[in-house]
Amino acid sequence: METIISLCKRRGFIFPGSELYGGLANSWDYGPLGAQLKKNIKDEWWRRFVEQRSDMVGLDAAVIMNPKVWEASGHLKTFSDPLIECKKCHERFRADHVKDFERCPSCKAEKTFTEAKQFNLMFKTSLGPKEDSASVAYMRPEIAQAMFVNFKNVLDATRKRLPFGIASQGRAFRNEITPGNFIFRTREFDLMELEYFVNESEWEKYFDYWLSQMKQWLKDLGVSEKRLHFVEIPPEDRAHYSKRTVDVEYDYPFGKKELYGLAYRGDFDLTNHSTASKQELTYTDPETNAKFVPHVIEPSFGLDRSVLVALLEAYHEEEAPTSEKEETEKRVVMKFPAWMAPVKVAILPLSKKDELAVVARPLYEQLCKHFACEYDETQSIGKRYRRQDEIGTPYCVTVDFETLSDNAVTVRDRDTMKQERIAIASLAEYLKTKLS
Ligand code: ATP
């Protein structure tokens, strides 16, 4: 983790939050490359699960909802974790995360824990200038509820037929007792979730279908199968309304922990909101005229955890040849899948001389129209290749003095380090094919 965290800071993927003021524990800011990497993952998810499907529609809802939503959903009563405190050092822990209750993990004092009490994770705020009970509101701890609350609006506006889904991406807030492990557990994070509405009789089929979709997504994210675990949650650990839940776990450097989740939520949410709002949240089958409350399959993807596994999977250290014959040196290379890489192509004129810039600059401007490009003319070419490897750029295009006579450039492949001479006239097409 230390290696990844330091690379992230050095190259501009992720910075410690509020660092100028001494930081803020467990908060992180995505830098220039991290913001692009995160956006690429988010956009690919949206393209795949919303734009490319006729059975799916999107929703972008408010972070702060009417507090009645959280009452009806059960969050006000039960969205809590068991909290214990060491009576000696007053450090607080999540009781379900403590392995040895004999000793405090922090100060090592023996048998000093308080009784566990439930700690609600929702962030409270107040709306408007008065701070009283009437102005209390909550920052959403998950994004799913808006999809249930808007079920009728979506149905009326789109006239979708079952099975269909509503997808959403956005920020969620949880006052976690023990955040930590870089961007794995923070107090604000981004979620990508969808609620897939089905006829109850078909829930098992669609549960399996979404499990296979999640597996395919993970494969395309470049996640190695050997580090993934699909854990069937036993009935006693599942929410009472769920007949099946699968946690997708990953072998992080700090242990096997949750990455995503897939839950069958039955008709729990729509029924609760219908009862609380006194409005009908049903679906009428156009063929049989049968009216019923649809059941829901919910695949839930943490975006920050997706970025974390993408970084961990991409990181490689290799021995690479140096310009000195027979010698090798360590090369760090981020092997992101091409679609995910924050920079796709780097344009590197061999020297800063104007005669190369007059060719390289327009080339950069032309390629920028097709791919995210970077122009870099400082330092030795070896150092520039190393930087591009570390930020995971799939292709480097070098403009040299020969370019002036042969109208061709050298294209270097990040993974094989092989170099090919390509005519400028066919460069964009060449790169398009390689990057697709
Ligand atoms: P845990 O038991 O680890 O607190 P959870 O089971 O409550 O997690 P869910 O409510 O299922 O988590 O959240 C859905 C997804 O949101 C998770 O699979 C994970 O990817 C992501 N997630 C949850 N909490 C956090 C957090 N504090 N920071 C970053 N991502 C999170």
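**A tour from the ligand outward**

Begin at the ligand and select F184: one of its backbone N or O atoms lies 3.3 Å from a nitrogen atom of the ligand. With the ligand taken alone, 610 Å² is exposed, and the protein buries 81% of that area. Keep in mind that this is a predicted model.

Next, select E258 and show its side chain. An N or O atom there is 2.6 Å from an oxygen atom of the ligand. Then select R94, where a side-chain N or O atom is 3.1 Å from an oxygen atom of the ligand.

Now show the whole shell. Which residues come nearest to the ligand? Of the 15 residues around the ligand, these are E176, R185, T186, E258 and L259.

Switch to a cartoon view to see which strands carry the shell. Select β10 (188-198), β13 (255-266) and β16 (295-302); each of these supplies at least two residues of the shell around the ligand. Of the elements, β13 gives the most, with four residues.

Leave the ligand and turn to helix packing. Select α2 (residues 32-51) together with α9 (residues 303-314). The axes of these two helices come within 10 Å and cross at roughly 115 degrees. That angle makes α2 roughly perpendicular to α9. The crossing of α2 and α9 is right-handed.

For a second pair, select α10 (residues 354-368) and α13 (residues 427-435). Here the helix axes come within 11 Å, with a crossing angle of roughly 45 degrees. How do α10 and α13 lie to each other, oblique or parallel? At that angle they are oblique, because angles under 35 degrees count as roughly parallel and 65 to 115 as roughly perpendicular. In passing α13, α10 makes a right-handed crossing.

The last two stops concern the backbone. Most residues other than glycine have a negative phi, and most peptide bonds are trans. Select L162 and P163 and look at the bond that joins them: the peptide bond from L162 to P163 is cis, with omega near -10 degrees. P163 is found in the loop between α6 (151-158) and β9 (164-173).

Finally, select K111. Where does K111 lie? Its place is in the loop between β5 (92-94) and β6 (117-120). Phi of K111 is near 45 degrees, which is a positive value in a residue other than glycine.

Notes. Residues are numbered from 1 along each chain as its sequence is written. This is a predicted model: local features need pLDDT of at least 70, side-chain atom pairs count only at pLDDT 80 or more; totals for chains, interfaces and linings use all residues. Side-chain values use heavy atoms; hydrogens and water are left out. A residue is near a molecule or strand if one of its heavy atoms lies within 4 Å of it. A polar contact is a pair of N or O atoms within 3.5 Å; within protein, one must be able to donate a hydrogen and the other to accept it, and residues adjacent in sequence count only if both atoms are side-chain atoms. Accessible areas come from the Shrake-Rupley method with a 1.4 Å probe; for residues, only the protein chains shown count as cover. Axes are lines fitted to C-alpha atoms, for helices over the stretch in contact, and angles run from 0 to 180 degrees between N-to-C directions. Angles under 35 degrees count as roughly parallel, over 145 as roughly antiparallel, 65 to 115 as roughly perpendicular and the rest as oblique. A crossing is left-handed if the near helix is turned anticlockwise from the far one by less than a right angle, and right-handed if clockwise.
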